[in-house]
Amino acid sequence: MTHSKVPAADVRVFLDNIAGQPPFRSLSVVDARAAVRALAAAVDLPADPSVESEDIVLDIGGTRQLSARVYVPPGIAKSGPTIVYFHGGGWTTGDLDSYDSLCRSIAAGTKLRLVSVDYRLAPEATFPAAYEDALAATQLVLAAAGTRGVIVAGDSAGGGLAAAVAHELRSDGGVRAQLLLYPVVDVAGRGGSYSECAAGYLLEAADMECFIDSYVPDRAQRRDWRCSPLRAESFERLPPLVLLTCGLDPLRDEGRSYAASCAKAGVDVHFIEAPGHIHGIAMLRRAIPSSQGIIDRACTGLMTALGNT
């Protein structure tokens with residue numbers, strides 16, 4: 001698959017506007033988390049007030065609890081599955097508030113209930129903490145959803161968590177689909193896009209190295225499919241997949257490979273690539289207006305996938 005390194009017009013404007021800002025890897029964990037919250041507030045769309053929301057606590061056993069937020073769109077398809085969403089942020093940043101607008105948009109676009117999960121972050125909690133939280137949260141939501149089932153979804157690091165959960169639960173039949181936005185699916189390898197899109201496109205390859213070091217500091221663990229779903233032994237019997245990659249993203253090639261591996265195994269795959277776009281566009285919809293149409297395509301692809309199951 002060919003691609004151009006020329007950004008889309010509104011992407012170019014955004015990149016010019018942030019030129020000179022310090023890269024994520026140069027910030028402390030506290031400052032990086034604050035920077036992500038500030039970026040989301042500045043460049044994402046205002047939250048859709050028509051979508052109702054409620055903060056809840058998920059008791060995942062023992063003394064461990066996770067914060068979560070439930071979204072109910074107008075005109076909800078009451079018999080439809082529930083989306084379980086895991087935010088991005090390199091396993092070290094991101095929270096419910098930063099992803100509030102996006103989750104409302106996905107719920108509204110699909111007419112499905114959505115549960116956004118605030119899993120444990122690195123470096124305080126390293127692998128497999130985030131995966132364990134994602135799995136436990138999905139199992140709780142699935143138990144409540146019953147035969148309606150769930151859709152596992154997420155962007156970037158959260159997309160990788162969603163993919164891993166889909167692998168773990170594929171034999172149960174409760175996961176109806178995967179919605180993965182530019183996911184991290186291989187922390188052990190580096191596709192060619194790591195060098196082709198190494199710098200200058202918001203998320204830099206060196207940033208990803210820092211995020212991976214933070215979440216999976218033990219290099220011997222990086223081939224584990226729970227953090228590198230692309231390295232799973234089998235892709236058979238996975239639920240339908242909707243996967244978005246961006247042409248100017250270090251993670252582009254691993255996303256392409258994950259979609260190809262699923263398709264080869266007979267999975268129903270709806271693949272979307274956004275040429276000229278950068279990592280994180282789902283959070284940049286005010287600054288990059290063309291990204292909204294791309295997210296809308298992903299939502300449409302998800303509904304198409306559900307219709308084929």
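Tyr 258 touches Ala 163, His 167, Gln 178, Leu 180, Val 185, Pro 229, Leu 230, Phe 235, Leu 238, Leu 241 and Leu 243, leaving out residues up to four places away in sequence; contact here means heavy atoms within 4.5 Å. This is a predicted model, where local features need pLDDT of at least 70, side-chain atom pairs count only at pLDDT 80 or more, and totals for chains, interfaces and linings use all residues. Residues are numbered from 1 along each chain as its sequence is written, and side-chain values use heavy atoms, with hydrogens and water left out.

**Cores**
- A nonpolar core is a set of buried Ala, Val, Leu, Ile, Met, Phe, Trp, Tyr and Cys residues joined through side-chain atoms within 4.5 Å; buried means under 20% relative accessible area, exposed over 50%, and partly exposed in between, with a 1.4 Å probe and protein chains only.

**Val 185**
- You'll find Val 185 in the loop between strand E6 and helix H6 (193-196); helices (H or I, at least four residues) and strands (E, at least two) are DSSP runs, numbered from the N terminus.
- Val 185 counts as buried because its relative accessibility is 0%.
- Beyond its neighbours within four places in sequence, Val 185 is in contact with Gly 160, Ala 163, Ser 228, Pro 229, Leu 230, Glu 254, Gly 255 and Tyr 258.
- The C-alpha atoms of Val 185 and Leu 251 are separated by 8.5 Å, though the two sit 66 residues apart along the chain.

**Sheet**
- The open sheet has 8 strands with mixed pairing, ordered E1-E2-E4-E3-E5-E6-E7-E8; two strands pair if DSSP finds at least two bridges between them.
- At the edges, E1 (52-59) and E8 (269-278) each pair on one side only.
- E1 and E2 (residues 65-72) run antiparallel, joined by 8 bridges, and Ser 53 has Tyr 71 in E2 as its bridge partner.

**Helix H9**
- The 18 residues of H9 should span 26 Å at 1.5 Å a residue, and its end C-alpha atoms are 27 Å apart, which agrees; the expected span is 1.5 Å times one less than the number of residues.
- The buried residues of H9 include Ile 294, Ile 295, Ala 298 and Leu 302.
- Those buried residues pack against E3, helix H3 (100-110), E5, E6, E7 and E8.
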